[in-house]
Amino acid sequence: MEQILSFIAAKANYWAYVILLMVGLYAMIVKNNLVKKIVGMVIFQTAVILFYVSIGYKTGGTIPIIIYGDGHNSIIEPAAKAVDYINPLPHVLMLTAIVVGVATLGVALALAIKVYQEYGTLEEDEINKKIRA
Amino acid sequence: MKTLGQITVLFCGGLLLFFTSDFPDFGDANSPASLHLSPYFIENTLKDTAVPNVVTAILADYRGYDTMFETTVILTAGLACFLLLRIPKREVKSRYYLHEPTGVTLRFEGDKYPQKSDVFKRIDSNWVPYDLIINFTCRLLIHFIQIFALYVVAHGHYSPGGGFQGGVVLGASVILFAISGNLRAAIKRFGEKTAALFSAAGVFIYAGTGALCMMIGEHFLNYNFLSPLLGTDRIMARSHGIFIVEIGVAVTVMAVMIWIYYNLSSAGKQDEGL
Amino acid sequence: MIIPIDLIILVLIIISAIAAITVSDLLSSAIILGAYSFFLCLLWTVMGAVDVAFTEATVGAGVSTVFCVAAIFHTTRRTKD
């Protein structure tokens, strides 16, 4: 039981990232509605972010803010050990990715509004029919 | 299309699930991602830049180019939203006005509307009565949200936070004002031109700091060389340089969030909206 | 032991992701997406990525939900799938 739980805990984040990635991909391929496709795109983005944050985690590590003394003579403090802190590099990459993600979400929704004004519907098959007609 | 999609998803998902067995275990301190570059950052950030929050230091100093162009991407997204949706003011057929002393709603044709009147209040065509409680609570909250946002920007060195988060919270306060009241009142206080100017000004602050470093000393975005201007030693100059850059990021992110909201919520008319 | 909390939040995330793409009302979909972002924010706090969690709480659960609602306000909330 302990072994099974530790095996699940060792890989659960990767399985979850694959499942979320596939949920997003499924919504982007199969769903007919444009806003549903955009929702799938957001889920896809966050799945990639989950993967990046997962590979940076260290068991027993603390958050990547260096603990130091009174704050005035920081230079003579002993150097921090890398094992004690979670890897900060994926956090930096993903922090900017989230904000850029919401900006691109805004552009995608603007396109959806424009399509709706032009064709009066958000369903992809009806839009295709109106384009061909 | 549906079966094709399902086959694709199952195939890709199966492959990805199969290869997760090759990944290092979750929480492994010796995974390849944690061995090469990040130990340098963790061990040397405090010595190099006097910033305890490693994420902020990497974001604005070690990887300054990256963040600068991310800020440019955000500005571009705001511009794209504007160019896609914004439509020039058309001839308005009719507008609705509320006569405040009596509570009667009147419809005015064309331009014959009481612009400077005190007793008439313009309302949207899809107007619903404002909830007094929501309106009043939001107006009380907005000041505290904005002060908290400034705190987040200023304390990004010592606690989680920084330009991106503080900028989004500042933008969200204006968006909250627009939602709780109406869009025209928000546009009167933080106009579209202001949003455009601010979003460009943030990128200018960021790139200008880099260019200033280049004019004084050697490299683009190397804040060491700002020390004669700021009157501090070279390590604290990096800390202050990070702060200046974070302000630029916050200004851009705030303005772009508000700008995108204005365009989305009014579908480009910027007249009546959510 | 902190791992079970982690697993519970992962299950909640997957459930809300599937609910967001299956529900047949776009406004509900937007709101469930906000809840999904909030669960992700919790997960990142547990995993020690505090800056990412803060960003997700402000951006994902706050502003992107507002954008979705604003876009649905100008289009339609009905859909077939």
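Predicted model: local features only at pLDDT ≥ 70, side-chain atom pairs only at ≥ 80, totals over all residues.

Trainee: How many helices and strands does chain C have?

Mentor: One begins with the order of elements along the sequence. Chain C reads α-α-α, with 3 helices and 0 strands. Its C-alpha atoms fill a box of roughly 45 × 25 × 10 Å along the principal axes.

Trainee: What percentage of the residues in chain C is buried?

Mentor: Burial here means under 20% relative accessible area, with the protein chains as cover. Of the 81 residues in chain C, 57% are buried. The accessible surface of chain C is about 3000 Å², and carbon and sulfur atoms hold 76% of that area.

Trainee: How is the size of an interface expressed?

Mentor: It is often given as the accessible area lost when the parts come together. Chain B and chain C bury about 1600 Å² between them, with 80% of it on carbon and sulfur atoms. On the side of chain B, Q165(B), L264(B) and L274(B) lose the most area to chain C, together 30% of what that side buries.

Trainee: How many residues does each chain bring, and which polar links occur between chain B and chain C?

Mentor: Chain B gives 23 residues to the contact and chain C gives 15.

Trainee: Which element of chain B gives the largest share of the side that touches chain C?

Mentor: That element is α6(B), with 6 residues. By class, this side of chain B has 16 nonpolar, 7 polar and no charged residues.

Key:
Residues numbered from 1 in each chain as written. Chains lettered and ligands numbered in written order. Heavy atoms only, no water. Helix = DSSP H or I, 4+ residues; strand = E, 2+ residues; numbered from the N terminus. Buried < 20%, exposed > 50% of the residue type's maximum accessible area, 1.4 Å probe, protein only. Areas by Shrake-Rupley, 256 points an atom, 1.4 Å probe, with all protein chains shown as cover. Contact = heavy atoms within 4.5 Å. Buried area = accessible area lost by both parts, 1.4 Å probe. Nonpolar A, V, L, I, M, F, W, Y, C, P; charged D, E, K, R; others polar.
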